[in-house]
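Please keep the sequence and the structure in view while reading.

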Amino acid sequence: LLALAASSEVQYKARVVAGSPLVPASCDVSSCDAQPVPQCLLEASLKKPIQDASADGVDILVFPETYFSNSPQIFGCGAPQPEQLLPEASSESLCSESAKPSTWWGQVACWTKEYRVLVVVGLYDWGPCLPSPNPFTHRNFPCWSNLTVFNVAVAFGIEGQLLAVHHKHHLAHALLPTKNLSTRSPSGLVVNPSPLQLLNDDAAAPWPVPDAVTFTSHFGVTFGILICHELNFASPIISLLKVGVRDIIFPTEWGGIMEGSFQRSEE
């Protein structure tokens, strides 16, 4: 999370989960009969951190960008049925009191309500196809039943409501080293001479219009959302500042794989 300035006198306890989902050997993530994010994967990778956060008095828990990006159902099984599509943000609870959750977002909503923790999770999700091609590859984005995939961050409130959905507009396009060969020059500059491989957001389509998504938490702080590479652009942050946001949720996939991929000066 980023706190650009003190937005109020309110204090809150935040926690960030770093890592990728743990897939139990018994969890079948290959069957298209499962929901786009299988229940066993949800149980293993989301429920325990939410439980722990609740026990520790955490107010808001943030998971990484594209946390479920390795789930084959997202891409391998085509578009989900209409009833499985993520709904729009609203004040209505997504957690049914009378039926077992049948979608990943229904399950997460029930856990946030049960454990009273605001949860933000990053993942790939579906939306209307785009007429324009991928700006990196110049090929059309995959389209199934007039749906394509976007990189999103989703916020769930403690009453089981969907507080906000932010779609990533600025996609990443980077060259990463294929090996960890960092060396230090006599000047102190650390550089990785390894051959580079292309890494970008080919899997997702860019949201056509940058959206300044905000929501107000149960503890009274209004948050904005940025996803990873969007931090490198002025307009997303400026748009949030203009509407009074000073606390920003920032799911990212940056991590250990970036080690040595940038030149940097170390003291």
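Which residues does Thr66 touch, not counting residues up to four places away in sequence? In this predicted model, they are Gly122, Leu123, Tyr124, Asn151 and Glu253.

## Surroundings of Thr66

Thr66 lies in the loop that runs between β3 and α2 (72-76). With Glu253, one of the residues it touches, Thr66 forms a side-chain polar contact of 3.5 Å.

Is Thr66 buried or exposed? The relative accessible area of Thr66 is 3%. Buried means under 20%, so Thr66 counts as buried.

## The sheet

Strands of a sheet pair through backbone hydrogen bonds, in either a parallel or an antiparallel manner. Here the sheet is open and has 5 strands, in the order β2-β3-β4-β5-β6, with mixed pairing. The edge positions belong to β2 (14-16) and β6 (162-167); each has a single partner strand, so one side of each is left without a neighbour in the sheet. From one strand to the next, the twist averages 30°.

Strands β3 (residues 60-62) and β4 (residues 118-128) run parallel and are joined by 3 bridges. Val62 stands opposite Val120 in β4.

## Helices on the sheet

Helix α1 (residues 39-55) packs on the sheet, where it touches β2, β3 and β4. The direction of α1 makes about 150° with that of β3.

Helix α3 (residues 104-115) also packs on the sheet, in contact with β4 and β5 (147-156). Between the directions of α3 and β5 the angle is about 5°.

Technical notes
Residues are numbered from 1 along each chain as its sequence is written. This is a predicted model: local features need pLDDT of at least 70, side-chain atom pairs count only at pLDDT 80 or more; totals for chains, interfaces and linings use all residues. Side-chain values use heavy atoms; hydrogens and water are left out. Two strands pair if DSSP finds at least two bridges between them. Helices (H or I, at least four residues) and strands (E, at least two) are DSSP runs, numbered from the N terminus. Axes are lines fitted to C-alpha atoms, for helices over the stretch in contact, and angles run from 0 to 180 degrees between N-to-C directions. Contact means heavy atoms within 4.5 Å. Buried means under 20% relative accessible area, exposed over 50%, partly exposed in between (1.4 Å probe, protein chains only). A polar contact is a pair of N or O atoms within 3.5 Å; within protein, one must be able to donate a hydrogen and the other to accept it, and residues adjacent in sequence count only if both atoms are side-chain atoms.
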